[in-house]
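Subject: Structure handover

Dear colleague,

Here is the structure we talked about. Please look it over before reading the notes below.

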Amino acid sequence: MPQVIFYDVNHHEAMGLLVVIYFFMSGLGAGAFLTGAAFQLFGGPNGAKIAKRAAIAAPILLIPGLLCLMLDLGQPMRFFNLMLYFNVQSIASWGVWLINIFMGLSVLFALLHFAGKAKAARPLAYLGSVFAIAVGLYSGMLLYQMRGYELWHSALVPPIFLVSAIASGMAVVLLLSRGSDPQAIRTLTRALAVVIGVDLVLALTEILTLVWSHGAKGEAADVILSGGFGFMFIGLYLILGLVLPLLLLMRRQAGRGVYVTIAVMVLVGTLAMRFVIVIGGQAVPLS
Amino acid sequence: MNERQTSKEPRSGGDREGLLNRREALKAGAVGAVGAIGVLSGYTAARAAVDDKSAGQVRYAMVIDLRKCIGCHACSVACKSENNVPLGVWRTWVKQVERGGFPSTQRHFLPRLCNHCQEPACVEACPTRSAYQRDDGVVLVREERCIGCKLCMAACPYDARFFHPEKKIVNKCTFCVHRVDKGVVPSCVNTCQGNARIFGDLNDPDSDVAKLVARESVQVLKPELGTEPRVFYIGADTGTMGRVRKEI
Ligand code: SF4
Ligand code: SF4
Ligand code: SF4
């Protein structure tokens, strides 16, 4: 029997472009920090230059993201209420503190590197990495808590957000790596290939589980696999952002131009993915 | 035999070190486990405190009897004027679905509003505890504290919340507590043409809502999500309650 909705109310989206940019930028900050910390701790003298640039980039990427989050509030001047009140059950409440602490640590880390006191920053590299991972995971957890939206309410969303945060952070560091030690750059690109591979596996798993689902989950699959969202998810994220960079990274010899191309592709892909999950996730009506 | 010996007196220093390391690792593991249990039990206690909604006191609820609803939208209009709800957003509305082709057609109504859930997803998600639940079950927003982050909107699986375009905070159905607290029923109930909307105390066995819930087979929206809505429907069309597809 044909069936039509004669009248219903669908209220506007809860999360818009500013939230997408916030997720993207905070992911970049966390990823850049992790890359910098890894190069400082395990990269030896060859990695010092990359570590320094990554460390300085992290807070510079993070802070505009936090500003976007503040601007997204209906009452930006009341943002301090986030610190005054705490709700144990709210992922966002935990996230506020995670990101505050991470911001503090990353600023300190950057300042120490800037002042040339990289040695003193070693303990910070460990501690900050824990918070960077937590920040990368929490944005996905935040979405997971919203049980009405099928695209968000998946256990794979937090790891996908974390892994793509790391990949995009590495891409930024790759962009900034001009003139550093070729050995260190090679290490960076190898690690990037591994992270992109993991991201690809997670993304494909998520797509397949959605495709084999029914009801609202099945409709969510239609959203991300067709139309404009489909173009962004398949074309920009999966192909341009994951598969092509992976293929390019497999070449034995690559010049600066190739690295820049790879980095830009990964960044575009990550942004497109965040957009599709956040905005497209709200495209299946709740009633 | 051999095994016992080695465990009693290690043959070499290296072995002893290994033993110590294992013991230390075990200890660290135990400390970690205790820490985790501490955090978890703290969380459980906090949850229990949140969950403890004192029984035996008033619990407001609504029953919407669709055998009596005529789809007149008077409830939506009454709510709009009672609560000054801005254009484009709604605290209550009447979803309508048409099915079939001429001459065998049906039209179903489903008045919608906040379910004043027993386990409200919105309250769970709010980072500032601006979204809260009164002891009588009514779910409200602390307007002076709300930062307008819209996370509660995202968390509510019923689209019951909206961003108030003038107040710049999130707004929703209040069960007309400003009326209810003075002993008057909500505006939509007061205005309902067919007496389809019934409001009262679910914990009072003599109230109309308690009697209807006890006697009739009632339905709630999306029971699988665990929100435990306290707006009950009688005789709702299941196709209209769910997300409507073009064909059934
Ligand atoms: S219907 Fe939505 S807004 Fe109302 S109490 Fe339930 S979760 Fe909260
Ligand atoms: S918009 Fe207001 S009520 Fe909703 S989650 Fe944010 S602070 Fe809480
Ligand atoms: S006022 Fe009563 S009869 Fe009219 S649409 Fe609302 S619930 Fe139905």
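How do the residues of the shell around ligand 2 divide by class? They divide into eight nonpolar, three polar and one charged. In this scheme Ala, Val, Leu, Ile, Met, Phe, Trp, Tyr, Cys and Pro are nonpolar, Asp, Glu, Lys and Arg are charged, and the others, Gly among them, are polar. The shell itself is made of C126(B), P127(B), T128(B), S130(B), A131(B), C146(B), I147(B), G148(B), C149(B), K150(B), C152(B) and V170(B), a residue being near a molecule if one of its heavy atoms lies within 4 Å of it.

Some conventions first. This is a predicted model, in which local features need pLDDT of at least 70 and side-chain atom pairs count only at pLDDT 80 or more, while totals for chains, interfaces and linings use all residues. Residues are numbered from 1 along each chain as its sequence is written, chains are lettered from A and ligands numbered from 1 in the order in which they are written, and side-chain values use heavy atoms, with hydrogens and water left out.

The other ligands

Ligand 1 has around it C114(B), N115(B), H116(B), C117(B), P120(B), A121(B), C122(B), V139(B), C156(B), Y158(B), R161(B) and K172(B). By class, the shell of ligand 1 has eight nonpolar, two polar and two charged residues. Around ligand 3 are C69(B), I70(B), G71(B), C72(B), H73(B), A74(B), C75(B), V94(B), P111(B), C192(B), Q193(B) and R197(B). The ligand 3 shell counts eight nonpolar, three polar and one charged residues.

The interface

Between the chains, 58 residues of chain B are in contact with 44 residues of chain A, contact meaning heavy atoms within 4.5 Å. The buried area is about 4,800 Å², and carbon and sulfur atoms give 54% of it; this is the accessible area (1.4 Å probe) that the two parts lose on being put together, summed over both. In chain B, the residues that lose the most area to chain A are E124(B), I147(B) and R243(B), together 15% of what that side buries.

The rule asks for a side-chain nitrogen of Lys or Arg within 4 Å of a carboxyl oxygen of Asp or Glu. R147(A) bridges to E124(B), with the closest N and O atoms 3.3 Å apart. Another salt bridge joins D8(A) and K95(B), where the closest N and O atoms are 4.0 Å apart. This pair crosses between chains, from the loop between strand 1 and helix 1 (17–42) of chain A to strand 2 of chain B. Helices (H or I, at least four residues) and strands (E, at least two) are DSSP runs, numbered from the N terminus.

Strand 1 (residues 3–7) of chain A pairs with strand 2 of chain B in the antiparallel sense over four bridges; two strands pair if DSSP finds at least two bridges between them. Within this pairing, Q3(A) has R99(B) as its bridge partner.

Inside chain B

Chain B has an open sheet of four strands in the order 8-1-10-9, with mixed pairing. Strand 8 (197–201) and strand 9 (218–219) stand at the edges with a single partner strand each, so one side of each is left without a neighbour in the sheet. Strand 8 and strand 1 (residues 60–65) of chain B are antiparallel and share five bridges, with M62(B) opposite F199(B).

Two backbone details remain. Most residues other than glycine have a negative phi, and most peptide bonds are trans. The bond joining F102(B) and P103(B) is cis, with omega about 5°, and P103(B) lies in the loop between strand 2 and strand 3 of chain B. K168(B), in the loop between strand 6 and strand 7 (170–171) of chain B, has a positive phi near 60°.

Regards
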